[in-house]
Amino acid sequence: MAECHPVGFQWVMEAKARGAKIIHVDPRFTRTSAVSHVHAALRAGTDIAFLGGLINHVLRNGLDFREYVLAYTNAAAILTEEFADTEDLDGLFSGYDPEKRQYDISTWAYEDADATPAAGSGEPEQSGEHHHGGERHQRAARGESYGSGGASVHAKPKTDETLQHPRCVYQVLKRHFARYTPEAVADICGLPVEQFAEIAEAVTANSGRERTTAWVYSVGWTHHTVGAQYIRTASILQTLLGNIGRPGGGILALRGHASIQGSTDIPTLFNLLPGYIPMPHAHEHFDLDGFVAADAGKTGFWGNMRAYTVSLLKAYWGESAQPGNDFRFDYLPRLTGDHGTYATVQQQIEGECKGYFLVGENPAVGSANGKFQRLGLANLDWLVVRDLQLIESATFWKNGQEIETGELATTEIGTEVFFLPAAAHTEKDGSFTNTQRLLQWHHKAVEPPGEARSDLWFYYHLGRLIRERIGDDPRDAPLRDLTWSYPTAGPTADPSAESVLAEINGHGPDGPLAAYTELKDDGSTTCGCWIYCGVRADGHNHAADRKPGSEQDWVAGGWAWAWPANRRILYNRASADPDGKAWSERKKLITWDAGQGRWVGPDVPDFEVTKPPDYVPPEGAKAQAALGGADAFIMQTDGKAWLFAPAGLADGPLPAHYEPFESPVGNALYSQQESPTRQTLDSPHNRYNPARSKAYPYVFTTYRLTEHHTAGGMSRTLPYLAELQPEFFCEVSPALAAERGLEHLGWATIVSARTAIEARVLVTDRIKPLKVRGRTIHQVGLPYHWGPNGLSRGDAANDLLSVVMDPNVHIQEAKAATCDIRPGRRPRGPALPVHVEEYRSRAEEGEPTDG
């Protein structure tokens, strides 16, 4: 965090100054480790085993916050007799189909309660699917199709409040994590038993009624084939310890760029509409009512999905959207399969995708398997790149690695590249949404230079020109009917960002809306993103609020605006006990004031403000009316935090340790080596290293540096930053350097089944050998910022990676793969692919290593 998020890390240092204990879990000793009380070095890709060990420590020793667990989780729910765990099936859950590589989740249900189908199940066959080894790809987009509330459970489960029933979630959890002992953690992760015990004691001692512990993660947890389950494991631990919805608790996802949170809220993701409303599917969602019925829970606040969706459709199509035409629901695009970034690159290579926009992305350097990316770009008819600099994705046709090797020729690449210079954030108005869900407004400081323009300018005027040129063809009606009129100003006719924020906030008959609870499903309200509703309450831009800290309380509700409803801590009803009293004065936040008949406290209550703790919903109640006065997790259909997920995930109701797809060792817990539902792409340009291969004996992991920014386009062109980190390098331990004959500051060649790259050698104790499965495992650290453009140039670390993904969210496994490393520079020209092919042949013929 100190290395990659230094501005946010100041608050960690402030907490440390006040007595907080800082524990850093990372394969490398970094700037964060240097100021932490404990640095736990673990093998990349083993965090579920580590977190599972902490869960086992909690359950085995009865250290859970029992009152919180009973009140606010599904620990007491009883599962169906048909459910079988990984402990019963040697690494698989019940319902697995090895041919489809998918789960039928019907056996994961509560007793006598049906759940919505899992991600990727029960969908019609569609064209354009990719296979690996004859097994069907995980279906697209279903993990997100449940919106922010997750999948629905349509009946109250049978429960055992004593938590003794063998099939209640609590007992299933205890059995599931029983094998995650300190010794197993040490064997899998390389973490000494004594250090694990120290961490387990610190985390549990600092949790409960009086204290809370926070976990902070970033892509080190998400860039894995089981990344969603990493977060699930942390969620289970934090929920057992009572660290959700309370001050100082939570699980904080740090973002690598200023508005990455904003780009998922108002999404650049292919499978979501604004506010985490799912995109409709072509073969399932034929009308609005069917769409809402399929994807919205009937209870909890997600039960109002029709109001959120209708208000969005009104924002899109205005007066054209009326009850008689289903509010133009038929105008929305439909998903026909996986339209994610890697599937799209596959379609580029296959000639199915002809044109591409790149906005703030540099896949030729920043995405997994750079060669795969560049081959896709080289097979387009046209490519539009909007960026601050001529990034590698705009110049691949003349200086990509494949030009040097002869695999591509500039004169034969037919892609027409349009480079359009973009305005920087200082050159435009707008908002950033940060890790705290905080919308912060920034004002234009200077005009953009030359022909540089803002993204808002580009898309508004592109849309305007397209609308002017289309005719009367009925298929163009969705474009003609769009609300597409914003005030413009200045010599370049820049649209007003404030007017866009106003559209996002929404309005009703009486003007700007103040909260998403005001949204209606009858067409009387508009709202471009329901979770942002209220950011312009009373017509005031609350994202621009800047009340000094000295003039407000510690929650600081007057600094910017947090979605939803300017609430700073989600699920904060759980900060009080079931009766509405604070768990402790020390951790007091939201409490029930019987005299006022309302929830009070320094934060905005994440609950109906006048619903008393003893409220019992009437039979047949819907949406939030169906939640009881102690149902704190209001977006869930049952109001509970799910320790066990009976639906909603493609890869299991509980996390389980699987090895990374490319691993030097076998799975110590199950014969199932890797995630059975992993998502792969079968392509001659996306080859995989065999697991436990002697040809690729070392682990490598990628990471960021403070001095460079993401794929380098904003930093390698700046002399001051380029001087601070002038060359691409690899970090290796003294032991690995001795084993392979690597010299400090000399050259090394790192090889995978995709390519070989070269880097300067940094021999350092910051990355150390680990004892894993009875063997010494070495890890290689690679910063991923370099490419052939700019002042500081070098090979791209991500060229080494394959495309293998999490089946829920389609994120690549970039934090754990295997390689070989040798002294000296890599081969040049046509000799490079020959060198890589020699390694592949050796790997395919070789025996796997032991362990």
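I took partly exposed to mean a relative accessible area between the buried limit of under 20% and the exposed limit of over 50%. The model I examined is predicted.

**Entry 1: nonpolar patch.** I looked up W382 and found it in strand β12, residues 382–387. Its relative accessibility is 33%, so I class W382 as partly exposed. W382 belongs to a nonpolar surface patch with F357, F418, Y459, L462, I466 and L479. Together these residues have about 570 Å² of accessible area. I noted that helix α19, residues 455–469, gives the most to this patch, with three residues.

**Entry 2: salt bridges.** I then examined R167, which pairs with E81 at 3.6 Å between the closest N and O atoms. This pair links distant parts of the chain, 86 residues apart: R167 lies in the loop between β6 and α6, and E81 in the loop between α4 and α5. E81 has a relative accessible area of 60% and is therefore exposed.

I next looked up E111 and K158, whose side chains form a salt bridge at 3.5 Å, N to O. E111 is in the loop between β4 and β5 and K158 in the loop between β6 and α6, so this pair ties together parts 47 residues apart in sequence. I recorded E111 as buried because its relative accessibility is 18%, and K158 as partly exposed at 42%.

Entry 3: I found R475 and D473 in a salt bridge at 3.9 Å, N to O. R475 is exposed at 68% relative accessibility, whereas D473 is partly exposed at 36%. Finally, I noted that salt bridges with shared partners join E81, E111, D112, K158 and R167 into one network.

How values were computed: Residues are numbered from 1 along each chain as its sequence is written. This is a predicted model: local features need pLDDT of at least 70, side-chain atom pairs count only at pLDDT 80 or more; totals for chains, interfaces and linings use all residues. Side-chain values use heavy atoms; hydrogens and water are left out. Patches are made of residues with over 30% relative accessible area and no salt bridge: like charges are joined within 9 Å, nonpolar side chains (Val, Leu, Ile, Met, Phe, Trp, Tyr) within 5 Å. Accessible areas come from the Shrake-Rupley method with a 1.4 Å probe; for residues, only the protein chains shown count as cover. A salt bridge is a side-chain nitrogen of Lys or Arg within 4 Å of a carboxyl oxygen of Asp or Glu. Helices (H or I, at least four residues) and strands (E, at least two) are DSSP runs, numbered from the N terminus. Buried means under 20% relative accessible area, exposed over 50%, partly exposed in between (1.4 Å probe, protein chains only).
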